[in-house]
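User: I have a new model open and would like to go through it. Can you take me round the fold?

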Amino acid sequence: MITIGICDDDKRELTFAENAARAYFSARGREVEIHTFNCPSAFLDSLAINGYSVVLLDVCMPGLTGIDVAREIRRSHTECCIIFLTTSREYAVEAFEVDAVQYLIKPYTQSSFDEAMDKAFARIDAPEKYIVKKSDGVIRRLAVDKIMYVESDKHYVDVYMNNGEVCRLRATVEELYDDLSPFGCFARPHKSFIVNMSYIK
């Protein structure tokens with residue numbers, strides 16, 4: 001099941017984006033769960049309980065802009081695909097900084113929407129694989145090939161990423177090893193450690 005989040009303060013635009021998303025998935029025979037929000041803060045609150053694969057964000061909203069929301073998404077280490085929906089081209093540089101998949105100018109067509117979604121799913125379905133876990137109350141998608149090693153710490157495990165980030169999960173080494181071992185590049189040389197053999201020199 002694919003979960004999509006859409007945030008736009010304009011009700012008509014929100015409905016248009018939702019309908020475009022439903023048409024996209026219906027044409028491809030894929031099941032989708034869509035959550036819509038007309039308030040950026042309500043959308044951000046939902047991040048803790050929904051692991052969105054793709055997020056569609058209006059840029060120009062009162063209070064928090066779509067760029068602000070995207071920065072919060074990245075700050076919470078949520079690795080979803082972000083597509084901006086906007087009437088303005090002036091935020092394109094900021095969109096690049098938050099690793100947006102596409103920047104759609106309103107009014108957009110179904111075909112341009114489909115192209116943006118295809119880009120998102122090319123990234124999601126790429127050989128880079130993910131595991132989904134809850135960290136600090138936030139659901140996170142952790143790219144498997146970016147995990148260097150895992151270390152046990154009592155009732156938690158610390159996942160060390162190749163960018164220097166450490167992600168703490170409430171889990172056991174055994175549980176995480178069960179998740180990672182199917183990918184074929186992880187070894188457990190000690191009861192407290194899992195190592196990605198791709199990083200061994």
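This is a predicted model: local features need pLDDT of at least 70, side-chain atom pairs count only at pLDDT 80 or more; totals for chains, interfaces and linings use all residues.

User: What box do the C-alpha atoms fill, and what is the radius of gyration?


Analyst: Taken along the principal axes, the C-alpha atoms fill a box of roughly 55 × 35 × 30 Å. The radius of gyration is 18 Å; a compact globule with 201 residues would have one near 17 Å, so the chain agrees with that.

User: How much of the chain is buried?

Analyst: Buried residues make up 45% of the 201 residues. As for contacts between residues at least 6 apart in sequence, 52% join residues at least 24 apart.

User: OK, the sheet. What is the strand order in the open sheet of 5 strands?

Analyst: The order is β2-β1-β3-β4-β5, with parallel pairing. The edge strands, each pairing on one side only, are β2 (32-37) and β5 (102-105). From one strand to the next, the twist averages 15°.

User: Which helix packs on it, touching β1, β2 and β4?

Analyst: That is α1, residues 11-28. The direction of α1 makes about 175° with that of β2.

User: And how many bridges join β1 and β3?

Analyst: Strand β1 (residues 2-7) pairs with strand β3 (residues 54-58) over 4 bridges, in the parallel sense. Ile6, for instance, has Leu56 in β3 as its bridge partner.

User: Now the inside. Which residues have the most contacts in the largest nonpolar core?

Analyst: Ile4, Val54, Leu56, Ile83, Phe113 and Met117, in a core of 25 residues. Two or more residues come from each of β1, α1, β2, β3, β4 and α5 (110-124).

User: What does Ile4 touch, leaving out residues up to four places away?

Analyst: Ile4 touches Phe25, Val32, Glu33, Ile34, His35, Tyr52, Val54, Leu56 and Met117.

User: What about the second core, how many residues is that?

Analyst: The second core is separate and has 21 residues, including Leu47, Met61, Ala95 and Ala100.

User: Switching to α3. Which residues are buried there?

Analyst: Helix α3 covers residues 66-75, and Gly66, Ile67, Val69, Ala70 and Ile73 are buried. Seen down the axis, the buried residues of α3 fall within an arc of 160°, so they line one face of the helix.

User: Why would spaced-out positions end up pointing the same way?

Analyst: An α-helix has 3.6 residues a turn, so residues three or four places apart point the same way.

User: And what do the buried residues of α3 pack against?

Analyst: They pack against α2 (40-46), β3, β4 and α4 (92-97).

User: I was looking at Asn50. Where is that residue, and is Asn50 buried or exposed?

Analyst: Asn50 is in the loop between α2 and β3. Asn50 counts as buried because its relative accessibility is 13%, and the cut-off for buried is under 20%. Leaving aside neighbours within four places in sequence, Asn50 is in contact with His35 and Ile139.

User: Last one, Phe193. Which strand is that in?

Analyst: Phe193 is in strand β12, residues 193-196. The relative accessible area of Phe193 is 27%, so this residue is partly exposed.

User: What does Phe193 touch, again without residues up to four places away?

Analyst: Phe193 touches Tyr149, Val150, Glu151, Val173, Ala187 and Arg188.

User: And what separates the C-alpha atoms of Phe193 and Val55?

Analyst: The C-alpha atoms of Phe193 and Val55 are separated by 34 Å, with the two residues 138 residues apart along the chain.

Notes. Residues are numbered from 1 along each chain as its sequence is written. Side-chain values use heavy atoms; hydrogens and water are left out. Two strands pair if DSSP finds at least two bridges between them. Axes are lines fitted to C-alpha atoms, for helices over the stretch in contact, and angles run from 0 to 180 degrees between N-to-C directions. Contact means heavy atoms within 4.5 Å. Buried means under 20% relative accessible area, exposed over 50%, partly exposed in between (1.4 Å probe, protein chains only). The arc is that of the directions from the helix axis to the C-beta atoms. A nonpolar core is a set of buried Ala, Val, Leu, Ile, Met, Phe, Trp, Tyr and Cys residues joined through side-chain atoms within 4.5 Å. The radius of gyration is taken over C-alpha atoms; the globule rule is 2.2 Å times the number of residues to the power 0.38.
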